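Here is a short tour for your next look at the viewer. Take a moment with the model below, and then we can go through its overall build and its charged contacts.

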Amino acid sequence: MSKYILAIDQGTTSSRAILFNHAGQIHGVAQQEYPQIFPAPGWVEHDASAIWHSQLAVAQQVLKEQHLIAADVAAIGIANQRETTVLWDRQTGEPIAHAIVWQDRRTATLCDQLRADGKAALFQQKTGLVLDSYFSGTKLKWLLDHTPGARTRAERGELAFGTIDSWLIFKLSGNHVTDTSNASRTLLFNIHTKQWDAELLGMLDIPHSLLPTVVPSSGIVGQTHASLFGQSIPIAGIAGDQQAATFGQACHRPGMAKNTYGTGCFMLLNTGAQAITSQNNLLTTIGWTLGDGVDARTDYMLEGSVFMAGATIQWLRDGLGIIQQSSDVEALANSVPDNGGVVFIPAFSGLGAPYWDPYARGTIVGMTRGSNKAHIARAALESIAYQTVDVLEAMQKDAQILLQELRVDGGAARNDLLMQFQADMLDVPVIRPVVTETTALGAAYLAGLAVAFWASKEEIATQWQMGRCFEPRMTADERAQRLHTWRRAIQRARAWDI
C-alpha cells in the first residue's frame with residue numbers, strides 16, 4: 001500500500017516537493033529556486049520551462065533522497081502561485097513567451113480603460129474580483145496582442161492558456177485542466193455558474209479554445225507519464241496556493257480565517273456556500289470544490305491580497321544588501337527597541353487590498369540622521385503586519401464576523417517578532433501550527449481525499465495542531481497611534497507613478 005502523498009508546491013520564487021505521511025507529517029522536502037525576470041519597471045516574468053524543469057527535478061529528488069519509488073506515492077497534489085499566465089504550443093508543449101507573473105503591472109492602463117468604460121461592476125458581479133492587472137485575463141490578452149502570431153494561432157486552436165497548475169499538469173500528463181479555485185482568479189470565470197463566461201471572454205477578445213477544462217479541486221484528473229517517475233502516479237488534487245493553505249489549516253467552517261506570509265501576504269476567510277460580494281475592495285473567490293456533479297460542494301472565501309510580504313525581506317537582502325539571508329532580518333530588527341520613527345510602505349508593484357492602487361510605489365518615511373539599517377529592517381517587518389490589519393478591517397466589515405483568532409503559515413510566520421507584532425496590531429491571538437507548510441499540506445489533503453488516503457475533512461481537521469499562540473499585549477491607545485501613523489505614510493506612497 002502507498003504510504004505517502006507527494007505535494008508539488010510551485011511558488012513565485014522556488015519550486016518545492018514535499019512528501020506527507022498519513023499523519024500529515026513531513027517525510028521529505030526538496031526545493032530549488034529559479035530566476036526572476038524584470039524586463040521593465042513594474043514588469044515581472046518567469047521562464048515557464050524553468051519552472052517545469054525545477055519542479056520535476058525536486059519531485060524526483062525528494063523520492064530519491066527518501067529511497068522511495070512511484071509505487072510508494074498514492075497521489076500527487078498541486079498547489080501553485082496563482083494568476084501567473086502561461087501561453088504554450090499544444091503540439092510541442094513549449095511556451096511561446098515568458099509567463100507574466102501575478103505581480104506584473106503592465107496591464108494597469110487596460111484595466112483603467114475597462115473601468116472608464118463602466119465594466120468594473122460586471123467583472124465583480126460575475127468573477128468576484130476587482131478589475132486589476134493582478135489577475136490573468138488582462139495578462140493573457142496582452143500576450144495575445146504582443147506576441148507575434150499568437151492571436152492567429154490561438155484562433156486556429158494551436159495554443160493553450162493556463163495558470164501554473166494547468167501548465168504543470170499538461171507537462172506531467174498531457175491533460176489541459178484547471179480547478180475551480182484557480183479558474184476563479186482569471187477574470188474569465190463566473191464563480192456562480194462555475195463556467196467560463198462568454199461575455200467576459202468577448203470583452204477581452206480571448207478565444208474559448210485556449211481555456212482548460214475546469215474540474216473539482218479534489219479528484220483524479222490524470223496520470224503522470226510513466227517515464228517521469230518510473231511508473232504513473234495519479235494527479236488528484238489542485239488548488240491555488242492560498243486556497244490550498246486555507247484547506248491545510250483546516251479552516252473548513254464559515255468564519256475561520258488564515259493568513260499566509262509568503263512572497264505576498266494573503267488572508268482568506270471561509271464564508272461557506274455563500275459568495276459574499278465585497279463592499280470594501282476585497283475579493284470574493286472560490287476556496288475549493290469537493291465532489292462532482294450534483295454532489296459537488298463549493299466553499300467560497302473573502303480574500304485580501306498584499307503584494308509584498310516576504311518579497312520585502314528579499315529586497316532588504318538582494319536590493320539593499322543589509323542582510324545576507326532572509327532569516328537574518330529578525331535578529332537585525334531586534335537589535336533596536338523600535339522602528340525609530342521609520343515607516344516602510346513596500347509598494348514596489350503597487351498596493352493590493354484594500355487600496356488596489358497600481359500606481360503606488362515603495363516609500364520609506366520618517367528617517368533622521370539617527371536612522372540605520374536595523375530601523376529599516378524593523379519597519380519592513382512591521383509593514384507586513386500593518387497591511388494585514390488593513391485587510392482584516394475590510395474583511396470584518398464585509399462578513400460582519402468578529403475574528404476570534406488568526407491561523408498563520410508561510411515562511412515569515414516563523415518570525416516570532418513579526419507574529420507578536422501581528423497579534424498586537426490585530427488584537428486577537430495569532431496561532432502558528434506545528435506544520436507551517438500548510439500550502440503543500442492542503443494540496444496533499446485534497447489529493448489524499450480523492451484516493452481515500454484520508455477518509456474525510458473531519459479526519460483531516462483532527463490532525464491540525466497548534467505550535468505556538470501569540471497573545472496581544474499592546475495597549476489600545478498605542479495600537480491606534482501606530483495605525484494612524486501607518487495610514488499617513490500610505491497616503492505618501494499612493495498614486496505616485498502617474
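This is a predicted model, and its protein chain holds 17 helices and 23 strands. The radius of gyration is 21 Å, close to the 23 Å that the globule rule gives for 498 residues, so the chain is as compact as a globular protein of that length.

**Overall build**
- The C-alpha trace spans about 60 × 50 × 45 Å along its principal axes.
- Of the 498 residues, 63% are buried.
- Among contacts with a separation of 6 or more, 74% join residues 24 or more positions apart.
- The chain exposes about 18300 Å², with carbon and sulfur atoms supplying 50% of that area.

**Charges**
- There are 39 positive and 47 negative side chains, and the centres of the two sets lie 3 Å apart.
- The structure contains 34 salt bridges.

**A salt bridge across the sequence**
- R82 and E303 meet through their side chains at 2.6 Å, N to O.
- R82 sits in the loop between β5 (73-80) and β6 (86-89) and E303 in strand β18 (residues 297-306), so this pair ties together parts that are 221 residues apart in sequence.
- R82 is buried at 2% relative accessibility, and E303 is buried at 0%.
- Both belong to a salt-bridge network that links R82, E83, R185, D241 and E303.

**Two further pairs**
- K141 and D145 form a salt bridge with their closest N and O atoms 3.1 Å apart; they are four residues apart in helix α4 (residues 136-146), so about one helical turn separates them.
- K141 counts as buried at 17% relative accessibility, while D145 is partly exposed at 40%.
- R297 pairs with D299 in a salt bridge at 2.6 Å between the closest N and O atoms; R297 is partly exposed at 40%, whereas D299 is buried at 1%.

Terms used. Residues are numbered from 1 along each chain as its sequence is written. This is a predicted model: local features need pLDDT of at least 70, side-chain atom pairs count only at pLDDT 80 or more; totals for chains, interfaces and linings use all residues. Side-chain values use heavy atoms; hydrogens and water are left out. Helices (H or I, at least four residues) and strands (E, at least two) are DSSP runs, numbered from the N terminus. The radius of gyration is taken over C-alpha atoms; the globule rule is 2.2 Å times the number of residues to the power 0.38. Buried means under 20% relative accessible area, exposed over 50%, partly exposed in between (1.4 Å probe, protein chains only). Contact means heavy atoms within 4.5 Å. Accessible areas come from the Shrake-Rupley method with a 1.4 Å probe; for residues, only the protein chains shown count as cover. Lys and Arg count as positive and Asp and Glu as negative; His and the chain ends are not counted. The place of a charge is taken as NZ of Lys, CZ of Arg, CG of Asp or CD of Glu. A salt bridge is a side-chain nitrogen of Lys or Arg within 4 Å of a carboxyl oxygen of Asp or Glu.
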